[in-house]
Amino acid sequence: MAASCFVLLALWLLLLGGWKRWRRRRAARHVVAVVLGDVGRSPRMQYHVLSLAKHGFSVTLLGFCNSKPHDELLQSNRIQIVGLTELQSLAGLPGIAVCWFVGCLFGSKLVIDWHNYGYSIMGLVHGPNHPLVLLAKWYERFFGRLSHLNLCVTNAMREDLAENWHI
């Protein structure tokens with residue numbers, strides 16, 4: 001638990017530092033992309049970051065660096081990769097709230113690229129009716145509704161978010 005708090009505090013400080021740099025360079029457009037997994041194994045997120053950089057944004061990419069990202073990411077002068085320490089938990093559970101909170105503090109927009117539901121993965125271990133699974137489901141639904149934009153990896157995920165969570 002202490003490690004989780006430390007990582008979340010470090011993430012917040014990194015985001016704060018990025019925001020302060022951005023404010024100093026008012027003309028520059030900056031995006032912080034948080035990958036709640038291994039950056040090198042997240043081609044979709046890598047392509048999002050590359051696209052943003054190609055459209056003139058400077059990008060700070062936060063995520064776990066267990067495998068090598070695409071060479072184009074490493075070579076871009078518009079992309080800075082910041083490695084996070086991996087925890088033995090579903091990063092989306094604290095991660096979505098932290099990103100939302102930081103966005104509120106600094107006037108940023110929260111965009112979620114949904115790949116799966118953390119609560120459903122937790123339910124495979126504990127069962128779908130376990131109190132922690134039900135709490136995680138509520139948490140994801142609550143903070144998912146607070147996002148400004150949602151992207152989905154499949155149409156089925158998009159339809160499920162719309163039908164069941166009104167996102």
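**Reading the helices and aromatic rings of a predicted model**

Trainee: Why is Phe 142 called partly exposed?

Mentor: Phe 142 has a relative accessible area of 38%, and a residue is called buried under 20%, exposed over 50% and partly exposed in between, with a 1.4 Å probe and protein chains only. Phe 142 is therefore partly exposed. This is a predicted model, in which local features need pLDDT of at least 70 and side-chain atom pairs count only at pLDDT 80 or more, while totals for chains, interfaces and linings use all residues. Residues are numbered from 1 along each chain as its sequence is written, and side-chain values use heavy atoms, with hydrogens and water left out.

Trainee: What makes Phe 143 buried?

Mentor: The relative accessible area of Phe 143 is 13%, which is under the 20% limit, so Phe 143 counts as buried. Tyr 139 is buried as well.

Trainee: Where is Phe 142 found?

Mentor: Phe 142 is part of helix H6, residues 131–145, where a helix is a DSSP run of H or I with at least four residues, a strand is a run of E with at least two, and both are numbered from the N terminus. The protein chain has seven helices and five strands.

Trainee: What kind of pair do Phe 142 and Phe 143 form, and how do you know?

Mentor: Their ring centres are 5.0 Å apart and their planes stand at 90°, so the pair is edge-to-face. Phe 142 and Phe 143 also belong to one aromatic cluster, together with Trp 100, Trp 138 and Tyr 139.

Trainee: Which residues of helix H7 are buried, and how do you know that they line one face?

Mentor: In H7, residues 155–165, the buried residues are Met 157, Leu 161 and Trp 165. Seen down the axis of H7, they fall within an arc of 40°, taken from the directions from the helix axis to the C-beta atoms, so they line one face of the helix. On the other side of H7, Asn 155, Ala 156 and Glu 163 are exposed.

Trainee: What do the buried residues of H7 pack against?

Mentor: They pack against strand E4 (111–114), helix H5 (118–126), H6 and strand E5 (149–152), and a contact means heavy atoms within 4.5 Å.

Trainee: How much of the protein chain counts as buried?

Mentor: Of the 167 residues of the protein chain, 38% count as buried.

Definitions and conventions
Phe/Tyr/Trp six-rings, centres within 6.5 Å; stacked < 30°, edge-to-face > 60°.
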